[in-house]
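Open the structure in your viewer and keep the sequence panel beside it. We will go from stop to stop, selecting a few residues each time.

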Amino acid sequence: MTHGNGGDLLAQILIDNGVDTAFGIVSVHNLPLVEAIAARLRFVPVRHEAAAVNAADGYARARGGLGVAITSTGTGAGNAAGSLVEALTAGSRVLHVTGQIDSPYLGQGRGVIHETRDQLGMLTAVSKHAATISSVAEAGDVLRRAVREAVSLPCGPSSVEWPIDLQYARHDVVARGPEVPAPVPPPDEDALARADQLIASARRPVIWAGGGAVDARDEVRELAERLHAPVFTSNSGRGTLPEDHPLVVGNFATVAEDLLAEADLLISIGTHFRSNETKHYHLALPARHIQIDVDPAALGRVHPATVGIAGEAAAVLRRLRGGSGDPEWRARAVATRSAVRSRLREAIGPYGEICDAMRAGLPRESVIARDVTIPSSQWGNRLLDIFDPRTNLFPVGGGIGQGLATGIGAALSGRDAPTLVMAGDGGLAVHLGELGTLAQEKPWLVLVVFNDGGYGVLRNMQDHHGGSRAGVDLYTPDFSRLAQSLDLPYQLVSRPSLFPEALEKAVAQHGPAVIEVDVTALDPAPRPFVPPVPVPRED
């Protein structure tokens, strides 16, 4: 046992749990935490608290472990809230530690600097778990429980607020092993038996793999190949089977309705059938449905489950042994896989060449982080192959502007491969300051900015639905001069044929680099992308 302040205690707990990097912004209300982490680990000073959580989220998803964000109290914690919503939606393993005013003044409303009303209530609303450290004696237990909650299925962010006087106090610091996730109850035997009967009688089953399937890759592959079953994925489930596998139809369910109509059984694994992936819940799905989810509340919530099985995906799938499948159904999967990709290629026109160049110019293990922008939404989330789910980063909750910070976190997670970030000029502007973080930390990251002078997704939506343009056209900076001011290598691409060489040069930097794609100089896509969001029309 050694002794130190609260920062020393936090640093030891992070080391115990395999964390080597934390992200945050220093403040008078977290100074002991930042100083101790910087002394024993890597502290990355981002430019906005929301980016701290996004970076911790990206680090966690790419590494498969715990990500850590440090913020200040009041406004600082409030700034982090939106990104905590994203981590909660994605089920990401994030520990968020935020300061708090001196414990004797809590709840008095006397106007202490950085004070806010009911900070814990705010954190509870946007976190899986939230707690306050109320004494030195309980600090270690509160922090370790928060880690345990974050890494236990279903995972999600844990927030801890820590009064500054208790951070400076003397703590006992003891090295311990990593926190063990809470055990998941075994699946129900009767449900397993009924599921096996359904599988045995099915001739044309399909699998839908969501984010809850990514830790059951071998089991999903075995089931799909045994049943000759087409594999659809949600955006979160991409890479559960490498997307060059012939059975992977992928994130194309909304345009493969013929195949779904022919199927006689749906096996869904850890997916919540999100609105944008089911035509706002109007996508026709097979009536016979085996749903597997670690969260019992998810069973039958969106699409009725003939058999619902609560449990960890890998453990459940290892118990399902029925069925042998029909080889002719496999051929149907392969044909559909080819057809949906061909149709999307026709729709995106010149961007197909850029998509191909991205995939060819990156190792299979490269993280591809995609912000909300037309290239991501139209083809990056579908056509740009993902081979490993830990390389598949995107904002599950749909919030714009989170891509760069998420990519920075992933790039600093220990992978020996370049990270690619796809962003639009509008989304990048939300956290433009993180270009400073990129320049300072120098991760191996290529930022590709698709510049169309505003919010292209919403511009297309307004045009498509006959509305007037409002709020979508933006003044954007000169990215070449901006990159130069930060000593970031920069290239401009005005034709798809120039992109492969630009990417090759950027990757060769083994550090940060910026590629700007001038969207206005490219031929427009034959079919403009319009987000699948319902807009009521007057009769």
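How many of the eight residues of helix H17 (residues 434-441) are buried? Seven are, so H17 is largely enclosed by the rest of the structure. Buried means under 20% relative accessible area, exposed means over 50%, and partly exposed lies in between (1.4 Å probe, protein chains only).

Before we go on, note that this is a predicted model: local features need pLDDT of at least 70, side-chain atom pairs count only at pLDDT 80 or more, and totals for chains, interfaces and linings use all residues. Residues are numbered from 1 along each chain as its sequence is written, and side-chain values use heavy atoms, with hydrogens and water left out.

**Stop 1: helix H17**

Select Glu434, Leu435, Gly436, Thr437, Leu438, Ala439 and Glu441; these are the buried residues of H17. The labels come from DSSP runs, numbered from the N terminus: helices are H or I with at least four residues, and strands are E with at least two. Now show what covers the buried residues. The cover includes strand E3 (42-45), helix H3, helix H15 (403-411), strand E18 (445-451) and helix H19 (479-485). Step past the end of H17 to Lys442. Its phi is positive, near 55°.

**Stop 2: helices H3 and H4**

Two packed helices are described by the angle between their axes and the distance between the axes. Select H3 (residues 49-63) and H4 (residues 75-90). They pack at an angle of about 30°, with their axes 6 Å apart. That makes H3 roughly parallel to H4. Axes are lines fitted to C-alpha atoms, for helices over the stretch in contact, and angles run from 0 to 180 degrees between N-to-C directions. Under 35 degrees counts as roughly parallel, over 145 as roughly antiparallel, 65 to 115 as roughly perpendicular, and the rest as oblique.

H3 passes H4 in a right-handed crossing. Right-handed means that the near helix is turned clockwise from the far one by less than a right angle; anticlockwise is left-handed.

Which residues of H3 make the contact? Show Glu49, Ala50, Val53, Asn54, Asp57 and Arg61. On the H4 side, show Gly76, Asn79, Ala80, Ser83, Leu84, Glu86, Ala87 and Ala90. Contact means heavy atoms within 4.5 Å. The residues of this contact divide into six nonpolar, four polar and four charged. Ala, Val, Leu, Ile, Met, Phe, Trp, Tyr, Cys and Pro count as nonpolar, Asp, Glu, Lys and Arg as charged, and the others, Gly among them, as polar.

**Stop 3: the sheet with E3**

Next, trace an open sheet of six strands in the order E3-E2-E4-E5-E7-E6, with parallel pairing. Two strands pair if DSSP finds at least two bridges between them. E3 and E6 (129-132) stand at the edges, each with a single partner strand, so one side of each is left without a neighbour in the sheet. The twist averages 20° from one strand to the next.

Zoom in on E5 (residues 94-100) and E7 (residues 158-163), which pair in the parallel sense over six bridges. Click Gly99, then its bridge partner in E7, Trp162.

Where is Lys128? Look in the loop between helix H5 (119-126) and E6. Lys128 is partly exposed, with a relative accessible area of 30%. Among the residues it touches are Leu88, Glu149 and Pro157.

**Stop 4: the sheet with E14**

Six strands form another open sheet, in the order E11-E10-E9-E12-E13-E14, again with parallel pairing. Strand E11 (248-250) and strand E14 (307-310) stand at the edges. Select Val231 of E10 (residues 231-233). Its bridge partner in E11 is Val248.

Four bridges join E13 to E14, and Ile292 has Ile309 of E14 as its bridge partner. Which residues form the covered face of E14? They are Val307 and Ile309, while Gly308 and Ala310 form the uncovered one. In a regular strand the side chains alternate between the two faces of the sheet.

**Stop 5: helices H13 and H20**

Finish with H13 (residues 351-361) and H20 (residues 499-508), which pack at about 30° with their axes 9 Å apart. Show Ile354, Ala357, Met358 and Gly361 of H13 with Phe499, Pro500, Leu503 and Val507 of H20; these make the contact. They divide into seven nonpolar, one polar and no charged.

Methods: Lists of a residue's contacts leave out its neighbours within four places in sequence.
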